[in-house]
Amino acid sequence: MPSLNLQNVDWQGDVHWFDFEDLCLLLDVNSGALHIIDAPARAVLEELRSGDERGTFTEADWPALLPRSVREWGAGTVLEVCRELAAKQAEGTLFTVDEVGRSYQPPAPSLQALCLHVAHDCNMRCRYCFAGGGPFGGERGLMSRETGYQALDLLFKESGNRPRVEVDFFGGEPLLNFSVVQDLVAYGREKAAAAGKKISFTLTTNGLGLTPAIEEYLIENQISVILSLDGRPEIHDLNRRTRTGQGTYHLVVPREQHFVAAYEHVDYWVRGTYTRQNLDFTRDILHMVELGFRYLSLEPVVAAPEAEYAIREEDLDLLAAQYRHLARAYLEARAKGTPFNFFHFNIDASAGPCLTKRLTGCGAGTSYLAVTPGGDLYPCHQLVGRKEYCLGNVREMILRPEIREDFRQAHVYNQPACSRCWARFYCSGGCHAANLAATGNLRQPAPVPCAIQKMRLEAALYVQVKEAIGA
């Protein structure tokens with residue numbers, strides 16, 4: 001006789017069901033399994049949750065356990081639903097238990113990636129720039145090749161037995177120091193070959209300095225490129241401006257289009273930022289699609305709550321509607337044979353990333369560090385310039401291990417608001433920099449970014465299901 005074992009089910013953190021467009025979806029949080037459920041199944045689940053039922057219940061128990069559902073849907077339907085729930089539990093795709101929980105201990109710090117700030121200067125002055133136009137609150141300057149070499153030496157020394165390491169050239173605007181970028185690529189490849197490791201490179205650029213020669217180098221050297229563009233001309237020009245305050249849309253779009261089209265390049269992302277000034281951001285994504293870009297990401301701005309462009313709690317309903325709109329547009333484009341790729345819809349509903357990444361996110365401060373032009377080390381690029389988070393420098397290594405340990409321990413099970421959240425294995429507790437900007441506490445998630453993460457995840461899960469069923 002089938003039975004339902006609800007003894008250890010955490011109705012808040014182990015299961016999550018939600019309506020999205022034409023489907024009601026049930027996520028088993030610990031296994032990652034997704035199920036499409038109907039109205040009777042939802043009614044049964046809601047009644048079980050409202051009673052916070054505990055124990056193992058056989059088929060003979062179910063009608064008495066679910067009187068409200070029986071009245072609404074009939075005993076036969078309720079029995080059928082419970083049999084299906086029991087079958088899913090037996091196969092390990094529903095009501096699974098969190099086997100990690102509070103026993104989790106994060107691994108010891110081991111470097112995998114560096115964000116090299118090769119330029120603390122910029123040829124643009126974006127209004128929302130967390131780097132303050134390039135210098136991160138300090139002096140403008142460029143990284144020397146010697147400092148870059150020392151940073152790469154540190155990466156290989158501290159990467160242990162990792163088979164692969166990563167380097168992101170960042171700024172400011174890294175193309176202002178492109179000759180050093182070229183030298184560091186060559187040096188990094190030599191070091192990787194000697195160490196028996198693979199190395200990959202990414203370069204983040206506002207696009208203003210792209211030239212045919214630079215484009216050719218990036219393509220030939222297989223460097224992933226992140227291009228900045230915020231969408232429609234009026235939206236882009238509102239925030240992304242030249243040093244003299246002029247809009248840059250007409251300058252960067254042709255360069256970025258040429259880079260993508262001339263070489264039929266696919267190893268790129270066009271990354272934009274949306275703010276309170278374009279809560280209708282789907283229009284910006286679709287505009288970028290019209291421009292010929294196919295690999296797109298649009299992120300909510302990271303800003304102090306008092307900033308005029310910061311997204312507020314009262315904006316969340318509009319944003320939820322936008323993610324629904326985006327999911328529809330995404331699926332429609334694929335159905336028409338003109339697909340585009342939206343970064344945050346790329347989740348693996350069947351497995352996902354490794355456990356450590358699921359619980360700790362980007363690895364800021366532990367497996368990932370940012371390096372300033374002077375060689376100072378910070379937990380991430382968005383915290384550069386905040387001296388209280390400076391870990392040390394490339395010459396003397398980690399001088400303040402207690403800061404690194406604080407970041408290592410900032411995983412979801414040490415964050416009270418996250419430890420029982422259904423989204424914990426997808427958002428990993430949120431962005432450390434966003435949490436610090438909003439709450440001043442690594443272990444307290446920023447409320448608005450948290451809400452945006454959840455609505456974006458629901459849209460991504462819906463897209464995954466629709467693609468899986470071919471709808």
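**Backbone, rings and helix contacts**

Tutor: At 64% relative accessibility, Q222 counts as exposed, because the cut-off for exposed is over 50%. The model is a predicted one.

Student: Where is Q222 found, and what is its phi?

Tutor: Q222 is found in the loop between α7 (212-220) and β11 (224-228). Most residues other than glycine have a negative phi. Q222 is not a glycine, yet its phi is positive, at about 55 degrees.

Student: Is the peptide bond from G171 to G172 cis or trans?

Tutor: G172 lies in the loop between β9 (164-170) and α6 (178-195). Most peptide bonds are trans. For the bond from G171 to G172, omega is near 15 degrees, and the bond is cis.

Student: Which residues does D267 touch, not counting residues up to four places away in sequence?

Tutor: D267 is found in the loop between α9 (249-262) and β12 (268-274). Its relative accessible area is 32%, so D267 is partly exposed. Not counting residues up to four places away in sequence, D267 touches Q222, I223, S224 and V225.

Student: How many Å apart are D267 and Y295 in space, C-alpha to C-alpha?

Tutor: In sequence, D267 and Y295 are 28 residues apart. In space, C-alpha to C-alpha, the distance between D267 and Y295 is 8.6 Å.

Student: Y295 is in an aromatic cluster; which residues form it?

Tutor: The cluster is made of aromatic residues, Y295 among them. Its members are Y268, W269, Y295 and F343.

Student: How many aromatic pairs does the count come to, and what is the geometry of Y330 and F340?

Tutor: With ring centres within 6.5 Å taken as a pair, the count comes to 16 aromatic pairs. Y330 and F340 form one with 5.5 Å centre to centre and 90 degrees between the planes. Planes over 60 degrees apart count as edge-to-face, so the geometry of Y330 and F340 is edge-to-face.

Student: Where do Y330 and F340 lie, and are they buried or exposed?

Tutor: Y330 is in helix α11 (residues 316-335), and F340 is in the loop between α11 and β14 (341-342), ten residues apart. The relative accessibility of Y330 is 2%, so Y330 counts as buried. At 3%, F340 also counts as buried.

Student: What is the angle between the planes of F342 and F345?

Tutor: F342 is buried, and F345 is buried too. The two form an aromatic pair that is edge-to-face, with 4.9 Å centre to centre. The angle between the planes of F342 and F345 is 75 degrees.

Student: Are α10 and α11 roughly parallel or roughly antiparallel?

Tutor: The axes of α10 and α11 come within 9 Å and cross at roughly 25 degrees. Angles under 35 degrees count as roughly parallel, so that makes α10 and α11 roughly parallel.

Student: Which residues of α10 meet α11?

Tutor: On the α11 side, the contact has Q322, H325, L326 and A329. The residues of the contact divide into four nonpolar, three polar and no charged. T282, in helix α10 (residues 282-290), counts as buried at 0% relative accessibility. The α10 residues that meet α11 are T282, I285 and L286.

Student: How are α1 and α4 oriented to each other?

Tutor: The axes of helix α1 (residues 39-51) and helix α4 (residues 75-90) come within 10 Å and cross at roughly 75 degrees. Angles of 65 to 115 degrees count as roughly perpendicular, so α1 is to α4 roughly perpendicular.

Conventions:
Residues numbered from 1 in each chain as written. Predicted model: local features only at pLDDT ≥ 70, side-chain atom pairs only at ≥ 80, totals over all residues. Heavy atoms only, no water. Axes fitted to C-alpha atoms, helices over the stretch in contact; angles between N-to-C directions. Helix = DSSP H or I, 4+ residues; strand = E, 2+ residues; numbered from the N terminus. Parallel < 35°, antiparallel > 145°, perpendicular 65-115°, else oblique. Phe/Tyr/Trp six-rings, centres within 6.5 Å; stacked < 30°, edge-to-face > 60°. Buried < 20%, exposed > 50% of the residue type's maximum accessible area, 1.4 Å probe, protein only. Contact = heavy atoms within 4.5 Å. Nonpolar A, V, L, I, M, F, W, Y, C, P; charged D, E, K, R; others polar.
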